[in-house]
Amino acid sequence: MNNERSNKQRLQSFLINVSAFALVFFLLGVIVLELFNQSAYRETDLSLEQAIEDTRLIQAEINSYQSDSLTMPPGSTMPNIPGTNRFNTQLILWSEDGEILNKQALGGRFSQLTNLTLSTENLDSIQSFSIDDQSTSTTEDKLLFRSITTAAPSNNLGVSYIQVLANTNQIKNAMSNFQTILILSMVFFWILSIGISYFLTTLSMRPILASWKKQQEFVENASHELRTPLTIIQNSLERLFTKPNRTIIDESESIAQALAETRRLTGLTADLLTIARSDANQLTLVKEKVELAPFIAELVKPFKEIAELDEKRFVIENFADATAVFDQKKIHQVLVILLDNALKYTSSGDKITLLSEISNKHWLIEVKNTGPSITDEEKARIFDRFYREDRSRSKETGGYGLGLAIAKQIVDEHKGQISVKDLLPKGVIFQIRLPKE
């Protein structure tokens, strides 16, 4: 993935994250404001409905108007409007022609209600309206109200309608302050989310870029490794065409060389297919319960014979007298890779040891050899694909640097661990830990 494409992908992902955060904050703000708006007026509306249904309260106000006094007649008390502040709530008595009758009961607050008019279009329902505050010199000041109006009970005082008013300026101011705080908070956290989006974008792009780089390296290395045997095969076959009169025996060397490279190419193709399937999560395991001691004993027979022919000591420490659940063919492939490497990278007189034992709930396998040691730098890369610690030597032994990479993938698929460490005073230990179940 080139830098331009990588930056474009990163920018696109960043913009998606920022937009997602912005949308979430916007919807959250709208929902919070709507809920706050409904809850802010709910108690006021409930108290207005209770007041307009309270016949005792309405009759008390009519009696107060009849006595032409600000106080109730002796021996009676005027009840408060339930759940309201009496100072912010007023009960208005209207005549048929829209005149306020209880002006004396309103007292000084009547001056604020001079512009109040009677509306009978929506009786018995909550309404919102505003009027200019006549008690101040500022024309911009408005009084906000929620009110409910209903027909007055039958009386001989000319009272035709009852209106209950609740001033909502305080609620409006509280909502304005809350809205300002909410918007500022949303803007602050949205700006903060930009930084978080950048971090998340960078974090999410890392595995993608690493995977893309890994894929590029895989394709480049595979192409390079495939090119060599194909070139040898091509040259061998072209050489045959230059000598059409020669017999098969005369050209047996070229034919054998082409055949050997074909076999190596087949093995390389199989290894590449194994790695590709693992990358695509298509590496299926056929797990079964296996007796460990017989499995190890049968597996090491050919390697022990090869070691004896090469004058190398081959020691088997087969202590795992138990069963474990694993893919027999895949683990067999792993041990073949490790034992084959041990034989390739040791000389006559060296010692190779295969240890198999049960450690807690794990099956422990160690392949040790007294051959050349591995540096710390090489240990860190030894399980990488196409990595070969000694390319000239690997070329001689026919290695492509895929064996240990495949071994690691198989062990990882089994939820196990594979590692390499030094064998003192000289040599290498490859250790595998696999779960028994």
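Reader: Before we start, what does "buried" mean here?
Author: A residue counts as buried when its relative accessible area is under 20%. Please keep in mind that this is a predicted model.

Reader: Which residues in α6 are buried, then?
Author: Leu292, Phe295, Ile296 and Leu299 are the buried residues in α6. Because they cover an arc of only 95 degrees around the axis, they sit on the same side of α6.

Reader: At what angle does α6 pack with α8?
Author: Helix α6, residues 292-299, packs with helix α8, residues 328-344, at an angle of about 45 degrees, and their axes are 11 Å apart. That angle makes α6 oblique to α8.

Reader: Is the crossing left-handed or right-handed?
Author: The crossing of α6 with α8 is right-handed.

Reader: Which residues meet there?
Author: From α6, Phe295, Ile296 and Leu299 take part; they meet Gln328, Ile331, His332, Leu335 and Leu339 of α8. By class, this contact of α6 with α8 has six nonpolar residues, two polar ones and no charged ones.

Reader: Turning to α8 and α11, how do their axes cross?
Author: The axes of α8 and helix α11, residues 403-413, cross at roughly 145 degrees and come within 9 Å. The crossing of α8 with α11 is left-handed.

Reader: And which residues make that contact?
Author: On the α8 side they are Lys330, Ile331, Gln333, Val334, Ile337, Leu338 and Asn341. On the α11 side they are Gly403, Leu404, Ile406, Ala407, Ile410 and Val411. The contact of α8 with α11 divides into nine nonpolar, three polar and one charged residue.

Reader: A change of topic: where does Ser95 lie?
Author: Ser95 lies in the loop between β1 (89-94) and α3 (103-106).

Reader: Buried or exposed?
Author: Ser95 is buried, because its relative accessible area is 8%, and the cut-off for buried is under 20%.

Reader: What does it touch?
Author: Leaving aside residues up to four places away in sequence, Ser95 touches Leu101, Leu118, Gly158, Ser160 and Tyr161.

Reader: Finally, where is Met186 found?
Author: Met186 is found in helix α4, which covers residues 169-241.

Reader: How far apart are Met186 and Leu28?
Author: Met186 and Leu28 are 158 residues apart in sequence, and 9.1 Å apart in space from C-alpha to C-alpha. Not counting residues up to four places away in sequence, Met186 touches Phe25, Phe26 and Gly29.

Definitions and conventions. Residues numbered from 1 in each chain as written. Predicted model: local features only at pLDDT ≥ 70, side-chain atom pairs only at ≥ 80, totals over all residues. Heavy atoms only, no water. Axes fitted to C-alpha atoms, helices over the stretch in contact; angles between N-to-C directions. Helix = DSSP H or I, 4+ residues; strand = E, 2+ residues; numbered from the N terminus. Parallel < 35°, antiparallel > 145°, perpendicular 65-115°, else oblique. Left-handed = near helix turned anticlockwise from the far one by under 90°. Contact = heavy atoms within 4.5 Å. Nonpolar A, V, L, I, M, F, W, Y, C, P; charged D, E, K, R; others polar. Buried < 20%, exposed > 50% of the residue type's maximum accessible area, 1.4 Å probe, protein only. Arc of directions from axis to C-beta.
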